[in-house]
Amino acid sequence: MALLTHTHTAGRYIRNCWYVASWSRDLIANRPEAMAIGEEPLVLFRDEAGKAVTLRDCCCHRNAPLSLGRCESGRLRCMYHGLVFDGTGKCVSIPGQQHVPASYQVRSYPTEEAGGWVWVWLGDPARADPQLIPPAAIAETAEWDLRMGKLDFEANYQLLNDNLCDFSHVAFVHEGTFAGGDRRIAETHPRITHIERGIRVERWLTERGAIEPWLGPEAAPRPDDTPGRHLDQWLTYDYLVPGLLAMRSEVHRAGTAKASNFNAPISAPLHAEFTRQAITPMTGSSSRYFFSMGPRASETQDQPALPDQMLAGAQHAFHEDRKILEAQQRNLERWPLETTSGVIRHDRGVHIFRSMIERLIADENTTLAPRDVRAG
Ligand code: FES
Ligand SMILES: [Fe+2]
């Protein structure tokens, strides 16, 4: 099976879905932001009312990128010949003439803000229902004290999705960071279930040590514990189309996994953390990784630096992912027709999620009119 080649999906994207285009806080008034999603160059800005809007990053006069333009009171001026566009993409002013032809219009894209993110719908605007933004991807409660970041990868989005659908790589890619030298995440298997438009991955890592530097004294070994084997960790996440992760991780005393029958923990954790992440394809060989993470707000009262410390630790680990995924991308570009040897057991989540994406793309290609497929 050609599971890990990217050739059959590179340059192909689900169009009728919401993609994360930016953190809301990064889209500030009066500053156009260039972005690309699914190989479509976009410009995002805030209109007169402060609403996030998205236009094709191409002026309808002579194709200059609008992201090189200037925001003027919530309108965007192309800085080639000075045409001005409103948030719907309609041209509202042409220097040197009174008349603005109705044909002067740039394509706009449905844009929503939810969960701290700006979401853009690439496909048929008539189908852009904000209710289709997955609730798990925007869930935010006062329980967590989160910090956010982003990182660009010179790699196809499917390689990033693969990475997040199979955490066995943590043992090797993050040997000295997330794994703390413990290989058991690769030697054992999670429970993977199909859920609507995604997979759910659940697992216990039993009898491990306190490898995270921020685990407090309550997570230290007690006199009758075996040091380095006194904790159990519960990990559960949903990975959803088109590339959205919502994960909870909890640290408990060893024995909790067994007492919980290897299902969700029956007791309160010593430490818990949450992360939301989104992978957005920019081009066939570049992707933007958005992430937020942090501990329970109750844990930061004694340790106010904890959320920043956790973000810094994760960012370090994400650079480890980036190094290997970008190298993988370069190999795939060099030998695009090669296939891998076949699947291994840890590829199961990767395979389910890839199949889901490919089926959704194929469904769109058969149901969309040719005009829609071409023009998007
Ligand atoms: S190309 Fe934009 S105003 Fe001419
Ligand atoms: Fe990783």
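This is a predicted model: local features need pLDDT of at least 70, side-chain atom pairs count only at pLDDT 80 or more; totals for chains, interfaces and linings use all residues.
Residues are numbered from 1 along each chain as its sequence is written, while chains are lettered from A and ligands numbered from 1 in the order in which they are written. Local features need a pLDDT of at least 70 and side-chain atom pairs count only at pLDDT 80 or more, whereas totals for chains, interfaces and linings use all residues, and side-chain values use heavy atoms, with hydrogens and water left out.

The iron ion (ligand 2) is coordinated at 2.1 to 2.4 Å by His169 (NE2), His174 (NE2), Asp321 (OD) and Asp321 (OD), where donors are N, O and S atoms within 2.8 Å of the metal (3.2 Å for Na, K and Ca), and where sites may look incomplete since water is not among the atoms. The arrangement of the 4 donor atoms around the iron ion (ligand 2) is irregular because they subtend angles of 56 to 148°. Four donors count as tetrahedral if all angles lie between 85 and 135 degrees; four count as square planar and six as octahedral if opposite donors are over 155 degrees apart and all others between 65 and 115, and anything else is irregular.

Along the chain, the donors of the iron ion (ligand 2) follow the spacing H-x4-H-x146-D. His169 lies in the loop between helix H2 (157-165) and helix H3 (170-173), and Asp321 lies in helix H6 (residues 306-334), so the pair ties together parts that are 152 residues apart in sequence. Helices (H or I, at least four residues) and strands (E, at least two) are DSSP runs, numbered from the N terminus. His169 is buried, with a relative accessible area of 14%, and Asp321 is buried as well, with a value of 3%; buried means under 20% relative accessible area, exposed over 50%, and partly exposed in between (1.4 Å probe, protein chains only).

Grid points are joined across faces, edges and corners, and a volume is the space filled by probe spheres set on the points. The largest pocket has a volume of about 730 Å³ and is lined by 37 residues, of which Val170, Phe178, Glu212, Gln233 and Glu273 lie nearest its centre. H6 gives the most to this lining, with 6 residues. The lining of the largest pocket divides into 19 nonpolar, 12 polar and 6 charged residues, where Ala, Val, Leu, Ile, Met, Phe, Trp, Tyr, Cys and Pro count as nonpolar, Asp, Glu, Lys and Arg as charged, and the others, Gly among them, as polar.

The second largest pocket has a volume of about 460 Å³; of the 24 residues that line it, Cys17, Leu132, Glu196, Arg197 and Val241 are the closest to its centre. Helix H7 (348-367) provides the largest share of this lining, 4 residues. The peptide bond from Val241 to Pro242 is cis, with omega near 5°.

Elsewhere, 4 strands form an open sheet in the order S2-S3-S4-S9, with antiparallel pairing, and its edge strands, S2 (33-37) and S9 (108-109), each pair on one side only. Two strands pair if DSSP finds at least two bridges between them, and 5 bridges join strand S3 (residues 40-46) to strand S4 (residues 52-56). Met35, found in strand S2, is buried, with a relative accessible area of 6%.

Positive phi values occur at Asn30, about 60° although it is not a glycine, and at Ser73, near 50°.

Note on methods: On a 1 Å grid over the protein atoms alone, a cavity is a set of points where a 1.4 Å probe fits but cannot get out, and a pocket is an open set with protein on both sides within 12 Å along at least five of seven lines; lining residues have an atom within 4 Å of a point.
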